[in-house]
Structures are given as C-alpha cells and as structure tokens.
Number of protein chains: 2
Amino acid sequence: MYTYDYLLDFTKSIFIKMGCSKEHALMASKVFLAAELRGLPSHGMIRIKDYFQLWEADRINTRPDIKIVHQTSSTAVVDGDRAIGMVAATRSMEIAIEKAEKAGTGWVSTRNSNHFGIAGYYAMMALEHDMIGLTMTNANPLVAPTFSVSRLLGTNPVAVAVPAKTQPPFVADFSTTPIARGKLAVAEKKGEKTLPGYVQDSKGDSSVDPSILKRGGSMLTLGGDYEHGSHKGYCMSAIVDIFSAVLSNANFGPFVPPSVAYLPVLEEKTGEGTGHFFGAMRIDAFQEASEFKIKMDKWIETFRNAKSAPGKPAVMIPGDPERKCEERIIKEGINVLPAIAKELKKISDQLGVDFEVN
Amino acid sequence: MYTYDYLLDFTKSIFIKMGCSKEHALMASKVFLAAELRGLPSHGMIRIKDYFQLWEADRINTRPDIKIVHQTSSTAVVDGDRAIGMVAATRSMEIAIEKAEKAGTGWVSTRNSNHFGIAGYYAMMALEHDMIGLTMTNANPLVAPTFSVSRLLGTNPVAVAVPAKTQPPFVADFSTTPIARGKLAVAEKKGEKTLPGYVQDSKGDSSVDPSILKRGGSMLTLGGDYEHGSHKGYCMSAIVDIFSAVLSNANFGPFVPPSVAYLPVLEEKTGEGTGHFFGAMRIDAFQEASEFKIKMDKWIETFRNAKSAPGKPAVMIPGDPERKCEERIIKEGINVLPAIAKELKKISDQLGVDFEVN
C-alpha cells in the first residue's frame, strides 16, 4: 500500500526526469493518481510505463508549447504539441473554463495530444467554478460500427460533471461501449470467458473470448447488437470522434495513433495526434447558481430514493461508486500490484528516482 | 397517399383554427411533416390528435409569448409559455443559432414547452448556417434507471447534425433506450412479443410483453442490463434530463407532464412544462468551414467503406436511413393509415377544415 502523497511525488519525479516542467509533471501526476483513487487503476500507475516508453521512442514531447490556434469568445482549437495527454487536456479544460467565465460557455477541441487518462477528471475541474464540465476523447480503434467488422472507433468516453449543493456532484464518466477495454484484459489474464455482447470475432459473430481482439475481433458499441440499439452507441461514439478530431484536425477514427510504444506509428494520418473535446457551462449563464444547486439536490434525492428491484442494489447517482472508492482508498492507501510495482522500480532505476517496492 | 404540400397545408389550417398565428402554424406543421418524410410516423400525423385534445383541455397555449428569461452572449434560458413544443423548440434553436453567429456557439435550455416531435429537425436547422446542431429533450417518465423499478426518465433523445461537403450531412437522432416507445406500441397492436432487453415488469424481471408498461413495467435504458452497460444509458438519459430541465427550470424526470390529454396533469411540479436543450456551434469558430467539410466527407467515406460482416447490410452513416426514406416518400407520397385519417377527418370537421380521406 502506498499513500497518495508518496505516489504523487514519485510520479512527479518520473515526469520531471523525462523532461517535464514541475508544473506539467504535477498536472500529469494528479490525473494518474485520480484514476487510482477513483477505482480505475487501468488508467493509473499501470500506464506510467506506456508514457515512459513513448518518451523513450520520442513519440511524446515533454516540453510542449501548447497553444490556441483558432478561437472565438466561446471556442478554441488547441494544439497540444505532442504533449502528455494529461497536460494538453488540463490546459485545454482551463481554457474552456476561462472562455466560460466571459462568454457563459467555453468549448475547446484539442489536437496533437495523447491518451489523457480518465475523462471525468477534466469534467470535474469545472465544479469548483460553479460550472458544468464536459469531456470527450477519441481513442485507439478497437470498436466496430453496427454491421461492420472493421475497427474504426475507440471506446470514446464521455464525462459530464454537474455541481449540487448538499449532495455530492453528479459525475458521469462512461465509455460508449458496453464495457471498458480494461475489463477484457482482466478477463483474459484470469483465463475467463466474457459475457456475450461485448466482442465479436473477425467475421462479426458473437464471441465470449476476451483475447479475440488479437485475432481480428472487435469490441461492440453500447447496445451490443442492432436489435438492442448498437447503432445508438455507434452514433455516440461517432459524435465523440467528430467533436474531438474533425473539429480540431486530430486523427479521427481508425487513424488515432497507438497510445503504446510497442505498436508502430500508423502510416496514414488524417490530422495531428489524438483529439479531445472539452466544454464548460457557467451555471449562472442559465440561472442563479445557488438555486440550480438546490434543484440538483432535489434531482439527486429523487433518483437516490427510487425503488430498487428485489435483490438489486440501491439506485446510484453517476459518480457515487467512484466517490465511495476514493473515500475508502484515501483511508486504506493505494494498492499497486506487485507486477506493476516491479515495472515502476525498473523505470525509476533507469531514471534515477527513488521507489520503494512494498 | 397524400402529397407533402397537401398535408402541410392541412396541418397548418388545423393549427390556425386552434388559434395559432400563421407563422407558428407553419413552424409546427413543418416538424410534423418532417417526421412523416423521415420515416418516423409515430411523431407525425398521428400526434395531431394529441395536440388537438391538449388544446381542447386548455393544456397548451396557441398564442404564446415565447421569451428569453436569462442570457449571456452564448447562452439563454427560454420560457415557452406553454406553446406547442414544435413552436417553442424552433424558436429556441433559432436563438441558439443567433447566439452562435456572434459568440461562436449558442446554448439554449427551454422550459414550459411540450412534446416537440423529432429531435433531429432542430439539430438540422444548424446545417444551412454551417453550424453543428445539437438537440435534447426530456419526455414522459417510462424508463427506470439501472437496478430500479421506478419510472423516472423518458426515452430522452439526443440529436446531432454535422455538415459535410459532397456527402449528405451526418444526422444522429436517437433515444437513450434500446428502442423507441413507438415500437412497443406497434408490437402491442400486432399482438407480438418483443425481444428481451427492452422492458421489465413491475418487479424488475425481464419481460417480452410490449403492454407491460400498463401494469407497472418500465422501459430499460440503452445497454439493457448492468452487465451490458445500462448504467451508461442511464447516464446519458440523466444528462439529457438535467440539461433540458434542471438548467431551464422545467419539470425533471418523473415530473415531466403527460403529452396526451387523457392522462391527468401531475399533482407535483418541480418547474414549468417539458424541457429541451439546444446547441449550435459555428464550424468556423473552430476552423475554416470549407476545410472542415472536406474532412467530414473523408470521415463519412471512411465509415461508409467499412467492411460489413457476412450477411449484414452496408455500414450506415447516421442520417442515411431517414434520408433514404425521405427520398422515397417525397416520390411516392405520404401514407396515412385509415384509422388515423379517420381521426383527422373528425378533427377537421370539428374545426371546419377540409380534409379528404383517401
């Protein structure tokens, strides 16, 4: 078990050794640690190796000049200059918030970025400003549109954070596929089959083999099959891709660059790097913020008090499970699996940073 | 079969007789007819009776004073003054577009409105302005959040329209449930069972009975069950509800007023009427519009050229099916089912409007 502070400091040191400024190293580290706290370790410490290897391969820029390349009072296109995704994304969301302060809302489409970790982190940045936050990103193509066997889309998540008064905020953060990619990896490692409805084989037949992606299979969009609305999941994923990449001139769909160094750079590009989309809406651009937050409390209480089906858990508000995780992990400490701690130790030795395997 | 012009004129006359201005009557009629053309008759001529009966019951206002009650350069809250939903929605989307012309984007949350027909119509209004359009609305509570048996959400649709250059526009228009409510009604009329994954009974057990909503059942969110991501459909539906109703002070979730006069007005209110949300983003607030549209062509072509699974149709671009319908129906004419034509005849006799049952 590690404390939050220990791992934050460690991660910061790693990124500083990779050439990041202290400010950028902290920015990135906070997102990695937020993933650990919120119970999404697939986007936490395990990913430091990916970034280290991308840096070794000179596929990221740890001294980026992140800048606005086009703007209006409520919009901007940001060029991330091949930054660590968490750095480009944090800066982009800051710009969305700055825009919203003046124009009521701010909308930023970002290109030339990389994998940015958990989408919810950036959406939640809006909360302390009494704003609604929205984040989307495209991602490595693993998902086939309805009727297809071609992997054209990522798991393309959407996150929306809405402040309340006495209730904790509403924080939805979800991929546009039935399950996240990480859950397939876990099933594969355990040698387990998956439920039907998550993946298909290279011919488009339903599969329960979590390793099928290695043999031409693909993930399905939310809904699973056409009869159950997979075309709606496809629509959502497509919207995320267009807002993140076509608006910003990043690579869209099948052209999104790999977020790991062991996969080669793609031959064809349709833009620069990975794309994200950020939104911030000032609550008081619509109504008095304090009144809105009272209404949001009532919304949350209405849903929290919904009747559960017999034998089912209580109805949850988006953000509840992650917040409960965070409360527990802050108390108990962060568990880094031995295999991951070993990898981190190796990286820390190479970079000359202290790391204690416990 | 009827021509578009005949039914547009007829519908206009009906609304004028109900007290609408010529301008508002045309606004509303265009949306009813767009639903017929786009192959969504469940939101077309069949709904005129609902509006007629709401008018008889004095539950809509055909002479509304639709106004902005709060605004910034990129936002507005619109009070629909109990207008026909199509009128409040068209005016709200116009305001979003006007805002976007100046601020880059425009975002309007509308209260005190009614059922507005097909969401895609308003999103598509943005296209001729070289803007991306977005529409959401809450709706009568028929849908239970994950784990629950309480009907707290509507089928809460989302529509997004994006212009292209030589390709037809991308127009996604989808409910946040596996199927639309209308498909249950059709199955019920035909005496057919539904597939599993659409509805549950009053205890939360899976059901294939399309009439189960009459006996305490509920619709499921997109994803169907928790294992297949129904909580993600719940998140989307919740976001639609919050943006449409909490931001505008309309009724949220279970408090959305019935869109038919045979259901009583609810006792408890949390705001005014039904709520919608509209967005318009000027393409050139992000990049040169002509370049964007070339890139959108490439996006569309990439997806259109995806490999289909054996035996499956070609991959579709959101908006393809509705556009094909429209092309066919413009040529062949609009088919109004005899039972509906009979209802329309009765209404037209009451109001003193000519209507030919053919």
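Two strands count as paired if DSSP finds at least two bridges between them, and the model to which this is applied here is a predicted one.

Q: Which residue in β2(A) does I68(A) stand opposite?
A: Strand β1(A) is joined by four bridges to β2(A), residues 75-79, and the two run antiparallel. Within β2(A), the residue that stands opposite I68(A) is V78(A).

Q: Which strands of chain A stand at the edges of the sheet?
A: The seven strands of this open sheet in chain A follow the order β1-β2-β3-β10-β4-β5-β6, with mixed pairing. Each edge strand has a single partner, so one side of each is left without a neighbour in the sheet, and the two in question are β1 (67-71) and β6 (170-174) of chain A.

Q: What is the average twist from one strand to the next in the sheet of chain B?
A: In chain B, an open sheet with mixed pairing is formed by seven strands in the order β1-β2-β3-β10-β4-β5-β6. From one strand to the next, the twist averages 15°.

Q: How many bridges pair β4(B) with β10(B)?
A: I132(B) stands opposite M281(B), which lies in β10(B). Strand β4(B), residues 131-137, and β10(B) pair in the antiparallel sense, and the number of bridges is seven.

Q: How far apart are the end C-alpha atoms of helix α7(B)?
A: Helix α7 of chain B runs over residues 230-246 and has 17 residues, which at 1.5 Å a residue should span 24 Å.

Q: At about what angle does α7(B) run to β6(A)?
A: Of the 17 residues of α7(B), 17 are buried, and the helix is mostly covered. Within chain B, α7(B) lies across β3, β4, β5 and β10, running at about 90° to β10(B). The helix α7(B) also lies across β5 and β6 of chain A, and to β6(A) the angle is about 135°.

Note on methods. Residues are numbered from 1 along each chain as its sequence is written. Chains are lettered from A and ligands numbered from 1 in the order in which they are written. This is a predicted model: local features need pLDDT of at least 70, side-chain atom pairs count only at pLDDT 80 or more; totals for chains, interfaces and linings use all residues. The expected span of a helix is 1.5 Å times one less than its number of residues. A residue is buried if 20 or more other C-beta atoms lie within 10 Å of its own, exposed if 12 or fewer, and partly exposed in between; C-beta atoms are placed from the backbone. Two residues are in contact if their C-beta atoms, placed from the backbone, lie within 7 Å. Axes are lines fitted to C-alpha atoms, for helices over the stretch in contact, and angles run from 0 to 180 degrees between N-to-C directions.
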